Amino acid sequence: MSQGALSDLKVIDLTQYIAGPYCTKLLAGFGAEVIKVESPSSGDPVRHIGPFVGNKPGIERSIPFHWLNGGKKSVTLDLEIPKGIEILKQLIAEADVLVENFAPTVMPKLGLSYDDVKEINPAIVMTSISNFGQNGPYRDYQTNEAILYAMSGCMESTGDTDKPPLASGPAVSQYTAGMYAYLGTLMALFQRGDGGEGQHLDVSIQESAIENVQMRVTTYLHTGKRKPRNSNNRDWAPWQCYPCRNGYAAVLGGPHRHWRKGASLFEEPRLLEDQFLHVFDRAKAHDEVESLIKPWLMRHDKEEIFELGLARGFAFGYLATMAEAFGFKQHQEREFFLETESHPEVGRLISCQAPFRLSNSSWCMGRAPLLGEHNQAVLAQELQSSFSDRNQPKENSNHLPNQKKNPPLSGIRVLEISREWAGPHAGRILADFGAEVIRIDYPRRMETTRGSSTKDKAYNRQLGFDQLNRNKKCLAVDLNDPVDQEILKDLIRHTDIVLENARPGVLKKLGFSYEELKGIKPNIILVSMSAYGQTGTYAPYPGYGASIEPLSGINCLTAYSPYTQADAKRIRETDMINGVMGACAALTALSNRQRIGEGDWVDLSQLEGLMHGIGGEHFLEYAVNGKTTLPIGNRHPAYAPHGCYRCREEEQWVVIAIGSDEEWRTFCQTIGQPELSQDLRFATSLDRQQNHDALDTLIEAWTRQKTHYEVMHLLQDRGLMAGAILNIAELCQDPHLWERNYFQKPSTGSDAFFPGFPLQMSATSAVFEHIGADLGEHNRTIICDLLGRPEEQVKSWPEEELGTDYDP
């Protein structure tokens with residue numbers, strides 16, 4: 001296997017905390033030289049955040065720091081003095097990428113705005129990650145993860161209807177933004193090529209996180225309807241975690257076509273009756289179906305239920321603890337957890353390896369650096385000659401345009417053979433940024449988002465499909481038909497990337513294995529997004545987000561209480577997170593092909609992608625300390641108070657986070673109760689943690705007098721962290737998002753708005769040309785015009801030959 005896919009890149013990393021470091025972790029893992037610039041006195045603040053290796057605090061022992069900064073170099077610079085800025089400019093002059101996540105006003109104050117940076121190095125890609133983007137009313141608002149989760153619409157949909165909204169245990173918003181920052185950086189680099197011009201990326205953590213609830217947003221924008229908060233799935237039955245003999249099993253009655261042969265598993269003859277045959281009939285009889293399966297569940301352990309369900313073709317799972325997820329047989333067989341290089345202070349650590357695996361490139365299991373460890377090696381090299389001699393600002397040559405370019409993936413053709421959510425989401429991202437994505441539809445069993453009816457072409461009027469498949473072309477073929485197989489082979493000759501999420505072996509049976517694809521086009525890239533990966537005992541089995549998420553162990557991080565598994569909640573971001581991981585995988589392989597001229601087979605296990613993408617630091621903690629992170633509801637170990645508080649109007653809530661004693665005094669003044677700062681129960685952060693219940697009562701008595709927006713703006717004006725928990729309606733009307741032009745209308749096909757793009761680019765832009773295509777809309781264009789094949793190979797699909805994924 002060759003070196004890393006990004007091994008020709010040099011990255012300057014000015015990031016701290018989570019979103020930025022996760023972006024640069026991915027860059028380093030795939031081979032880039034990442035130089036992390038830290039404060040000489042204290043380094044990245046995450047160095048001081050636990051848990052710590054061996055439960056011993058120390059600047060080199062933070063587990064989150066080790067997770068987020070593996071494989072990087074560390075140099076220390078004081079950016080408050082001219083010498084530090086001068087050295088940083090030298091580093092920038094020789095770099096391909098600069099990633100920063102300071103508050104938006106910091107870089108200009110340092111003399112390092114994008115215009116300044118571009119003067120030093122016109123080819124550099126500068127990626128700026130911030131809470132709310134580089135402009136807009138909330139630009140300077142103070143936040144933490146819970147507030148970002150609240151203001152992206154995610155928190156409103158997490159938790160139980162009869163309880164307050166619930167913050168996610170893992171840092172979903174920040175990790176999602178880190179993925180999009182990585183993806184955007186690679187797109188800008190791909191467009192730049194050799195000798196081209198760089199550009200500035202504006203990654204808003206809020207807007208990135210909205211991608212995780214994009215279907216709820218789309219539904220509201222078009223219908224005015226929104227779903228209530230509910231931790232359970234009441235749409236289908238069975239389709240959630242149910243109690244069993246030794247815990248909770250994820251029992252999903254899907255794929256739907258397997259119900260007839262699989263329902264006998266439950267040893268209840270009534271479930272085989274025609275009244276329960278169709279998925280919608282089971283949904284109507286939700287409570288009855290669940291009551292019929294529960295006796296069988298209580299006679300079996302969750303692991304046994306998992307195995308029996310898979311054997312019947314169902315996508316079962318179980319609610320795994322972090323320890324159980326860590327020890328899952330599939331991870332051992334695929335060596336998902338590996339040792340890092342030895343660290344001088346803490347030795348070797350066992351950590352997740354790559355979130356996806358390239359056949360033609362390696363992943364670096366490098367260790368985190370000591371603070372300033374690489375000062376001599378890096379800075380000595382940079383200081384060999386003076387900045388004034390070596391790095392004069394470079395002039396823009398004629399081939400470096402300043403006008404808006406085509407979208408970054410223009411000229412790339414993607415063949416998408418995927419269904420449901422994660423695969424189509426990956427394809428949608430690539431299409432938004434300019435790739436020509438040709439989606440394969442199978443008319444005899446159209447996918448779930450096409451709907452359940454073949455009458456009156458209802459499958460062409462489905463909101464979910466329109467959103468997940470916007471900007472794509474549609475080719476409707478039957479891959480079991482020899483003529484259509486030849487059409488597909490012909491199309492592959494003109495394709496750069498094949499994106500698929502079938503179970504391993506399905507494409508091979510059709511004659512489209514990676515080896516066969518390479519025979520058709522030697523430098524083809526195949527991105528395979530199966531539930532469990534291409535190898536291992538569980539590779540052949542299906543999976544959905546509702547089964548993958550519990551198996552990942554991540555569910556156990558989100559709960560109102562740390563004491564019981566029964567309280568664990570789905571965060572529901574699984575499919576969308578794996579969608580962006582799929583797009584990241586495609587761009588990584590495309591970057592590698594640009595470097596060495598060869599194709600790749602990318603193996604993305606959706607289970608591994610999720611665990612790496614939002615759970616990696618928690619698995620590292622378990623591997624190192626043998627402990628599992630316990631959920632603490634809406635509270636936080638470093639903030640007091642920290643919680644979700646009811647406001648004046650019905651179902652209005654606000655998140656408030658106070659991080660220091662000084663902030664506490666300011667808060668008391670702001671709410672008109674300065675005497676609380678003198679109350680011994682609340683004198684220090686530790687006191688406030690110990691008396692949090694009493695504190696919550698006092699705070700909620702104040703918040704109930706105001707709207708959530710009023711509380712947020714009032715506290716933010718005083719420099720305090722607070723954020724309204726936006727429901728989907730409020731999110732769709734939020735003035736900050738409208739000022740940033742987040743919501744977008746397509747050029748054709750609809751007059752309504754849709755969710756926009758997760759990042760903005762200065763020299764190019766994403767596009768929204770049209771909503772999801774009609775079934776077979778582009779058959780003639782592709783078969784005849786592109787491939788030059790005869791008209792008689794363009795099939796028509798009469799209604800009686802059509803079917804849906806809902807059919808028994």
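Which residue forms a salt bridge with R192? D96 does, and the closest N and O atoms are 3.1 Å apart. Keep in mind that this is a predicted model. The pair links distant parts of the chain. R192 sits in helix α7, while D96 sits in the loop between α3 (82–93) and β4 (97–100). They are 96 residues apart. Both R192 and D96 are buried.

Some context on charge pairs. Side chains of opposite charge can pair when their charged atoms come close. The structure holds 50 salt bridges. Let me take two more.

Next, E156 and R226. Their closest N and O atoms are 2.8 Å apart. E156 lies in the loop between α6 (145–151) and α7, and R226 in the loop between α9 and β7 (239–244). That is a separation of 70 residues. E156 counts as buried because its relative accessibility is 7%, under the 20% cut-off. R226 is partly exposed, because its relative accessible area is 41%, between 20% and 50%.

Then D484 and K795. These side chains meet in a salt bridge at 3.1 Å, N to O. D484 is in helix α20 (residues 482–492), and K795 is in the segment after α32 (779–786). Here the gap is 311 residues. D484 is buried, at 2% relative accessible area. K795 is partly exposed, at 30%.

There is also a network. Salt bridges link E416, R439, D441, E447, R450 and K472.

Now the domains. The chain is divided into domain 1 (10–220 + 362–383), domain 2 (413–536 + 562–582 + 592–630 + 768–801) and domain 3 (647–728). I'll stay with domain 1 and domain 2. Their C-alpha centres lie 29 Å apart.

How much area do domain 1 and domain 2 bury between them? About 2900 Å², with 64% of it on carbon and sulfur atoms. W67, M179 and M215 supply 19% of the area that domain 1 buries against domain 2, more than any other three residues.

What about polar terms? Ten residue pairs are in polar contact across this interface.

The side chains of R428 and E211 meet in a salt bridge at 3.0 Å, N to O.

Technical notes. Residues numbered from 1 in each chain as written. Predicted model: local features only at pLDDT ≥ 70, side-chain atom pairs only at ≥ 80, totals over all residues. Heavy atoms only, no water. Domains from an automatic or database assignment. Buried area = accessible area lost by both parts, 1.4 Å probe. Salt bridge = Lys/Arg side-chain N within 4 Å of Asp/Glu carboxyl O. Polar contact = N/O pair within 3.5 Å; in protein donor to acceptor, adjacent residues only side chain to side chain. Helix = DSSP H or I, 4+ residues; strand = E, 2+ residues; numbered from the N terminus. Buried < 20%, exposed > 50% of the residue type's maximum accessible area, 1.4 Å probe, protein only.
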